[in-house]
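Colleague: I'd like to learn how to read the sulfur links and the greasy middle of a protein model. Could you walk me through one?

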Amino acid sequence: MQRMSRRDTGAERGAVAVIVALLMVPLLGFAAIAIDVAAMWSARQRLQTSADSSALAIAQDCAHNNCADPATTAAAMTNANFGTGATATVLTPSVAPSTGQVKVRTAAVSHHLFAPVIGFDAANISASATATWGAPTGGPAVLPLTISICQFKNVTSGDVPAGAQAIPLPKSRDSNCPGWSAPGGFGWVDVDEDGIGDGGGDCTYVSEIGQELSSDPGKSISNGCSTADFDKVLGKTVLLPIFDKTNGETGTNAAYHVYGYAAFVLAGYDFNGNHDGGDYSLCRAFQPQDCLQGTFAKLVDLDDAFDYKPACAPGEDPVTDDCAPNLGTTFVGLTG
């Protein structure tokens with residue numbers, strides 16, 4: 001019987017070594033792609049965060065009417081979010097409270113670990129962000145009330161923030177605001193009116209500057225609203241539509257033309273003795289009139305639920321100058 005001989009594996013081992021050697025270059029190339037590209041992506045994400053935070057910080061400064069030094073702000077925010085090695089450039093030619101927009105570009109060099117093997121030592125990376133700010137032009141409201149611009153100015157002396165106030169809501173013509181065509185300095189908003197209600201079947205509604213809000217007649221709070229709706233916003237800041245004219249001769253079926261929006265911190269309320277809550281001690285002097293108690297406040301908010309545009313400067317008109325009335329409320333957001 002013929003015996004089988006062992007195979008000579010030495011040649012096979014040598015062949016495998018040659019193949020592995022030939023594959024090392026593409027393997028290192030794949031490593032460069034997997035590791036260096038991931039590092040670039042991570043660095044670019046940090047650059048984007050730096051650009052976003054820089055643009056928002058400048059916008060918030062400008063919303064407080066103090067843009068400070070935008071370049072210094074951008075550099076500080078970039079260093080805090082990215083660390084050393086990155087630059088920040090404010091691309092907007094002129095950043096001022098009235099411009100309403102700022103764009104920031106951040107840049108850095110990503111040094112590769114493996115890519116130099118295939119001839120790539122580093123890559124330039126960058127990111128950009130645009131932030132805007134302005135006075136609100138429309139959005140959701142959570143209290144079914146609108147107050148006249150005359151009453152707002154009487155309470156705040158045209159400036160906010162103002163101290164704690166009792167704001168009587170008369171159902172007869174207000175002697176402090178003569179000339180209004182509908183009785184009283186306020187109106188209950190009909191939250192179920194077509195084009196006003198938000199469709200949610202609750203006390204919230206959506207409005208915008210220039211819209212006419214239909215009134216909900218009667219001395220009770222608006223249909224669809226309850227004491228619980230007011231209680232849940234006690235101590236919180238809400239936006240109240242401010243009207244500048246009405247188109248009705250009586251409170252019934254009157255409509256209120258939205259002029260702008262003001263931020264109000266609700267401390268308490270007393271409505272006709274039937275609904276009350278919170279601290280309404282200052283309102284007792286005006287009983288039996290309906291009354292709100294609280295503070296008109298200056299507000300800078302990142303909430304994107306409201307639309308906004310640059311606030312009107314003194315002397316500018318909301319219609320002809322394409323701006324929004326500045327009643328102390330400013331919204332800030334990223335738009336790019």
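This is a predicted model: local features need pLDDT of at least 70, side-chain atom pairs count only at pLDDT 80 or more; totals for chains, interfaces and linings use all residues.

Colleague: How many disulfides does the structure hold?

Modeller: There are 3. Another one pairs Cys 62 with Cys 67, with 2.0 Å between their sulfur atoms. Here the angle about the S-S bond is 130°, and the link of Cys 62 and Cys 67 is right-handed.

Colleague: Are Cys 62 and Cys 67 buried or exposed? And why?

Modeller: The idea is to check the relative accessible area: under 20% means buried. Cys 62 has 1%, so it's buried. Cys 67 has 7%, so it counts as buried too.

Colleague: Which cysteine is joined to Cys 312?

Modeller: That's Cys 323, with an S to S distance of 2.0 Å. The link of Cys 312 and Cys 323 is right-handed, with 95° about the S-S bond. Cys 312 and Cys 323 both lie in the loop between strand E14 (307-309) and strand E15 (329-334), so the pair ties together parts that are 11 residues apart in sequence. Cys 312 is buried, and Cys 323 is as well.

Colleague: Okay, on to the greasy middle. Which residues of the largest nonpolar core touch the most other members?

Modeller: For a core, you look for buried nonpolar residues joined through their side chains. The largest one here has 38 residues, and those touching the most other members are Phe 152, Ile 167, Phe 264, Phe 271, Leu 292 and Phe 296. Several elements supply at least two residues each, including helix H3 (149-156), strand E5 (165-169) and strand E12 (290-297). Strand E10 gives the largest share of this core, 8 residues.

Colleague: Let's zoom in on one residue. What is Phe 152 in contact with, leaving aside its neighbours within four places in sequence?

Modeller: Phe 152 contacts Ile 147, Ser 157, Val 160, Ile 242, Ala 262, Phe 296 and Leu 327. There's also a second, separate core of 16 residues, and among them are Ala 59, Ala 129, Ala 131 and Val 332.

Technical notes. Residues are numbered from 1 along each chain as its sequence is written. Side-chain values use heavy atoms; hydrogens and water are left out. A disulfide is a pair of cysteine sulfur atoms within 2.5 Å. Buried means under 20% relative accessible area, exposed over 50%, partly exposed in between (1.4 Å probe, protein chains only). Helices (H or I, at least four residues) and strands (E, at least two) are DSSP runs, numbered from the N terminus. A nonpolar core is a set of buried Ala, Val, Leu, Ile, Met, Phe, Trp, Tyr and Cys residues joined through side-chain atoms within 4.5 Å. Contact means heavy atoms within 4.5 Å.
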